[in-house]
Every structure is written in C-alpha cells, then in structure tokens.
Amino acid sequence: MFDDIYKNKKVFITGHTGFKGSWLSLWLKKSGAVVMGYSLENNNQPSLFKSLGLNEIVDYSITGNILDTGKLEKTMAEFKPDIIFHLAAQPIVRLSYIEPVLTYQTNVIGTLNVLEAARKAESVRAFVNVTTDKCYENKEINKGYKEDDPMGGYDMYSSSKGCVEIMSSSYRRSFLNDGFYMATARAGNVIGGGDWAADRLIPDCIRAINDNKKIEIRNQNAVRPWQFVLEPLSGYMLLGQKLLEGNGEFARGFNFGPYEDSVLKVGEVAKKVCEVYGKGEIVIKKSGGFHEANLLMLNIDAAKKLLGWEPSYDADTAIEKTVGWYKHFYDKDINIFDFTVKQIEEYKENIKWMKSCAIR
C-alpha cells in the first residue's frame, strides 16, 4: 500500500503513545518507516502502547510535551524527519469544560509549536495535521459537513479544533512553500482495540462488562459516524503519500468518515457491543449538564474523488473487530501484538479486494 512511499522515510509522530498514535506507529513500522514518537507518558491502565510493547518496536520514543518548544524543536531538528503526523491533543469533549485553558493550550498553541518546529527543521516535506469532525459549526442538520463549511464548535474542545483548522489554513498560506506541504484530516468517532480513554462509549462499555457492572450511557439518541481505527489512519497515510510526492493540490482539509449506513445512534452501538461480547446490561443516565451534540455527519466526497479513498468496513464490522480485540486481550488466549498486526493485514487485504472488484 501507499506505493512503498514510507519505506526508509523518517516519520515523526506526536501523540504516538495514544490510541490512534499507537496503531499508526505500528502500521508505519510495518511499512518500513523509521519512526520517532514524541508524546506525554500514557498513564492509562492498561495502555495500548505498553500492551503491544511498542517502545521496543518504534525506533525512537521520546517523552515530551508539545508545549515545551525548546525540547520539541531540538528533538525534531536532530531527527530530520521527512513527514510529520500530528496527533497530540487534549481529545475529550467533557474534559474541555473542566480544563478549558489546558485544552486551548494543547490543541491550538501546541499545534502551532509543532508547525514551527517543522518549519525550522527544514527537512520536513509533508505534514498531516489531525483534527476532528467536531471542528465544524454544528447546526445538527441531516447532511454531512463538507470541507468548506464554516468552522466553529459549541464546547471548548470542538472550538479549539475549529481554531486549529483556521490557523492551519493561515499558516499554510503564510509560510509553506513548494516542497513543504501541510494538510488537515478530520475524522469521526474512531473505534478499535486498545482505546482505554475515559468518557468514550466503547471503552466505557468494555470496562463495565469486565468489571461486571451495568453500562451507563447518556444521550442514547445522539447520532455519530462510527469507523474502525484503520479507516482514518489509511486516509492519513494516503494523504501523507500525496504530500510526500509533492502534490501541492492535496495541501488542504479532508474528511475521513464512514458511509451513511454506519452513522448510528449511541444506544444502537452500545447494544451491538453487548451482542458481540455476549453479555452486558445497559442503563440510561443523565448527561451531567454538559452540552452534547445530537447529530453530526461528514461528507467524504472529496476524499473519494481526489484521494481515491473510501471506507472499507461498515459499522457492524468495525464493532466486531473492536470487540474481538478486547475479548482476546482480556481472555489472554492469544498474543495481542500478533493479533493487532493480523488486523492490519486483514484490513490491507480487504482494501486490495475492493480495488480489484472496482477494476473488474
């Protein structure tokens, strides 16, 4: 995949110890890249990064804060990366109500710091800046948002990511010349094995099931786009390929989300998790007073037409793959690293099959 563009390339990943960062680090290593990760210590228990032993897999794993400009710039300058995937963020909506300053410092100023470090490093040719579907001014309309729709956000997390999108557009036009291209990537609700972050639906379901507790969900009728973790990561890596190849027309924003049949209600997803796991009881709780959107969808026409990217798994498959990973992890019946690699290989084979069908 990706025409072997990542083989022997130096790849710098911020937030590499997080959920998506861990999956991306592993996939890039399996693609032949030289990977340096830069991230805060992941204190989740368990931790996907630690469970997979990725500290021994990636070439360099640096503990650092993207707000520490001195360390960030020195680390990047010494590594001399070809491409950067920026995933480090304060990603939890409800925490942004409690820690608004930290949310803006990390998501806005932190992103600016990474951009500046990349510009000063001079070796960087491509920059994939990962934001979120929540960057749009969500009017809760029954259609997917397009990349040129207005940025906004009700809560501090969403608005901080809207700011990142506006800043990225300005930064691109102000400073980035031929030979250094930067794009933003906006994905929906990402699910997959190894996410143990607080206040996320499937991790909360898995924790409750394994603790023999009832699954408490709020806002059960909220509609979200659900996708398996490898879906947006394949989009990020494809976008990175185009930028590394010097295609400046791809230096823009892109949505990566599922088809409409995978836009499901929170309650439906929780029910499917219980069905696949084979147990679990759901109870409805109050939302806790924080505003949460009831409807959010993405339009992925640009990614399909310009990048040739499209979803490979529907929501049912995504949930089955996700729950299957957790069951194996808790049952300890297989090597979880090997199983994770297997899921990557299965996903790649599924994409090849889809492309072969399209050609025929």
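**Exercise 1. How many aromatic pairs does the structure hold?**

The model is a predicted one, in which local features need pLDDT of at least 70 and side-chain atom pairs count only at pLDDT 80 or more, while totals for chains, interfaces and linings use all residues. Residues are numbered from 1 along each chain as its sequence is written, and side-chain values use heavy atoms, with hydrogens and water left out.

Step 1. Rings of Phe, Tyr and Trp (its six-membered ring) pair if their centres lie within 6.5 Å.

Step 2. By this criterion there are 22 aromatic pairs, and one aromatic cluster is formed by Phe2, Tyr6, Trp23, Trp27, Phe85, Phe228, Tyr313 and Tyr347.

**Exercise 2. Determine which residues of helix α3 are buried and where they lie around the axis.**

Step 1. Helices are DSSP runs (H or I, at least four residues) and strands likewise (E, at least two), numbered from the N terminus; buried means under 20% relative accessible area and exposed over 50% (1.4 Å probe, protein chains only).

Step 2. In α3, which spans residues 69-79, the buried residues are Leu72, Thr75, Met76 and Phe79.

Step 3. Viewed down the axis of α3, these buried residues fall within an arc of 95° (taken from the directions from the helix axis to the C-beta atoms), so they line one face of the helix.

Step 4. Lys74 and Glu78, on the other side of α3, are exposed.

Step 5. With contact meaning heavy atoms within 4.5 Å, the buried residues of α3 pack against β1 (10-14), β2 (34-39), β3 (60-63), β4 (83-86) and α5 (100-121).

How values were computed:
Rings of Phe, Tyr and Trp (its six-membered ring) pair if their centres lie within 6.5 Å; planes under 30 degrees apart count as stacked, over 60 as edge-to-face and the rest as tilted.
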